[in-house]
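Good morning, everyone, and thank you for making the time.

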Amino acid sequence: MEQIEEYFKIALRNIRTRRLRSLLTVLGIIIGVFLIISLLSLSEGLKTTINQQLQSMGGEMVMVMPGGEEDIFTSMLFGGEKLQKQDIEAIKKAKGVDKVLGFSYTGTVARYKDESKQIAMCGYDPWKESLDVLSIFQGWSLSEGRWPSKGNQILIGQYIANEIFSKKIKAGSEMVIKGKKFEVAGILNSLGNKQDDSMIYMDMKVYQNLTGEKQGTAAYAIVKLEQGADENVVKTAIEDSLEKTRKRRAGTDVADFSVITSEKMGEMVDTILGIIQVVIIGFASIAIVVGGIGITNSMFTSVRERTKEIGIMKAIGAKNSAILAIFLIESGIVGIFGGVGGVLFGSILAKGIDYYGQINPTFYFTTTISPWMIIFALVFSFSIGCLAGFFPARSAAKLKPVEALRKYE
Amino acid sequence: MNPEPIIKLENVWKIYQLGKTELVALKGLSLEINPGAFVAVMGASGSGKSTLLNMIGCLDVPTKGKVYLKGKDIAKMTESELAQFRGKVLGFVFQEFNLISHINCLENVMFPMIFQGVPPLKRKEKAQEILKMVGLENRMVHQPMELSGGERQRVALARAFANNPEVIIADEPTGNLDSTTGKMIMELLKDFHIKQGKTMIIVTHDPNIANYAEEIVNIKDGQIVKNHLTMKKVLWSK
């Protein structure tokens, strides 16, 4: 063990001697690990966000969205087709459906006092009924104020009230959205995820007047099931009803809508993000392997340059195993330095994304760095380092002392 | 009764294959060196004296014949055992000093002790002591590049003495030095030999250097042509 410590010191000194080359070699690994950490933390964050949304949706609800199941994530992130008035009526008619809430959201600028900020606003239709359903089944409650009763009254999430504007917003305050004055009737208690806490909620009619969206449409529909109804049975009923309505409309005989139960949504998220993560790990691994080839290259050059030094070491009593260990430790250190650097830079980027998300509530990406991710990155980079250094180290160890000593520096 | 030779070569051949050509460096050479001897190996350039030294130093193995070190056949030793032998029993001094350029003098002298598992503190103490012995107490933290040729060779001597070896093997130790500095190095080697009774084997083509030895082995075309006790006049001092 003591010998390994000595070899470790020799390897570190060798790295220091070739500072620039070592740094460039380390950089190759840093890039690979940085990619793994930053991209995986993003996809993990996305998974967490979506799962939070699903949990808030609850088991007695299903969602209806325009577009096929394969378009769900694009339409969630970037918006898309709207559900028409007839579609919402068709959903209402399906067996097992108790209530249908249409909702849409968009980003806009809101002014409070003299400060303007980018926020997200959301319209619910029908407004009064939505508030009842959401307070009974989704756990909406007020931290202050009262439920809105007039058109110019809005509800705001906790995050908007306390974090976004420099001055905290109190119930009864006035906010200006798209040039129109609104009264903040109430402030909601936290809904359990940042997106929902960063919203302004209002009557869909007011929302559509503000945004110019067609009246009666909605981006999504939340369907509250009748008590005891099976969500999969209701899902089929909604699909049948919607298909009939759509087929009556010209050119829309394709089922371009999706009825998503919370269970289904969870499965889809896991599948899609699972694939994304495999692809990310695959690509980032290629980057690390390229970095590893950089280590091999650098170590082979080093063995050539230090042939005489290796000869001297052998002449003064270094065993083959000692030379092998020194070179392996050297490449392992390069690998682990690359891993640590990559984790560091990847974490900085992830935290930067989180910070940007905090000051821009409409930016929904968050990041999650789990310990297994860091352990994986460090173990992987160290292993790549050792593996990449193995052949150069072996060639150094196998050098015959008399031949190595003959080489001139 | 004669003592058991510390080094014994029996009918040693060394043949290098250079493409289709064979180069015979040693031709059936036999030699015995007793413990505590001071031997100079002399010969012209290309005579095979360095090849002989490499065999004695376990840096190379013969194509044919036997080399015994302390009674052990080096051909039967593993690479690890040979390395152990080089580190413990032998000390090398080279014509080009062969110091490690990116570490200082003290670290260079400490280096062989690492491979023998000497603890760091003891290593440092011993290296300082030997450097003092060769008169380099003020140069310990200097890099080899900051030293003169003579000083570098003294660091190399100190390194060779580090593990207190039984045999010092020096290949043209004064080859790159002026005569005054060369003399200083030889005095150090002689001192080490006399005070500590170590076996010295020096390769040289300089009769002045060879005259420090008690025995001179002359080599020509890979064979020993003369082996006699030194009787010549000493040119520097003795």
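Let me begin with a question: in which hand, left or right, does α10(A) pass α13(A)? Before I answer, please keep in mind that what you are looking at is a predicted model. The crossing of α10(A) past α13(A) is right-handed. As for the geometry behind that, helix α10 of chain A covers residues 262-305 and helix α13 of chain A covers residues 371-398, and their axes come within 8 Å and cross at roughly 30°. Because angles under 35 degrees count as roughly parallel, α10(A) is roughly parallel to α13(A).

If you look for the residues that make this contact, you will find on α10(A) a set that includes A:I288, A:G292, A:T296 and A:F300, while α13(A) contributes, among them, A:F380, A:I384, A:G385, A:A388 and A:P392. Sorted by class, the contact between α10(A) and α13(A) has 14 nonpolar and 6 polar residues, with no charged ones.

Let me step back to chain A as a whole. The domain assignment gives chain A a domain 1, made of 2-52 + 268-406, and a domain 2, which is 82-255. Taken over C-alpha atoms, the centres of these two domains of chain A are separated by 48 Å, and the contact between them involves 6 residues of domain 1 and 10 residues of domain 2. On the domain 1 side of that contact, 2 residues are nonpolar, 4 are polar and none is charged.

Now to the meeting of the two chains, where 18 residues of chain A are in contact with 22 residues of chain B. On the chain A side, the elements that give two or more residues are α1 (2-17), α11 (307-315), α12 (320-359) and α14 (401-406), and of these α1(A) gives the most, with 5 residues. By class, this side of chain A has 7 nonpolar, 5 polar and 6 charged residues.

Finally, in chain B, how many strands form the open sheet, and in what order? There are 4 strands, running β2-β1-β4-β5 in antiparallel pairing, and the edges are β2 (21-33) and β5 (72-73) of chain B, each of which pairs on one side only.

Technical notes: Residues are numbered from 1 along each chain as its sequence is written. Chains are lettered from A and ligands numbered from 1 in the order in which they are written. This is a predicted model: local features need pLDDT of at least 70, side-chain atom pairs count only at pLDDT 80 or more; totals for chains, interfaces and linings use all residues. Two strands pair if DSSP finds at least two bridges between them. Two residues are in contact if their C-beta atoms, placed from the backbone, lie within 7 Å. Ala, Val, Leu, Ile, Met, Phe, Trp, Tyr, Cys and Pro count as nonpolar, Asp, Glu, Lys and Arg as charged, and the others, Gly among them, as polar. Axes are lines fitted to C-alpha atoms, for helices over the stretch in contact, and angles run from 0 to 180 degrees between N-to-C directions. Angles under 35 degrees count as roughly parallel, over 145 as roughly antiparallel, 65 to 115 as roughly perpendicular and the rest as oblique. A crossing is left-handed if the near helix is turned anticlockwise from the far one by less than a right angle, and right-handed if clockwise. Domain bounds come from an automatic or database domain assignment.
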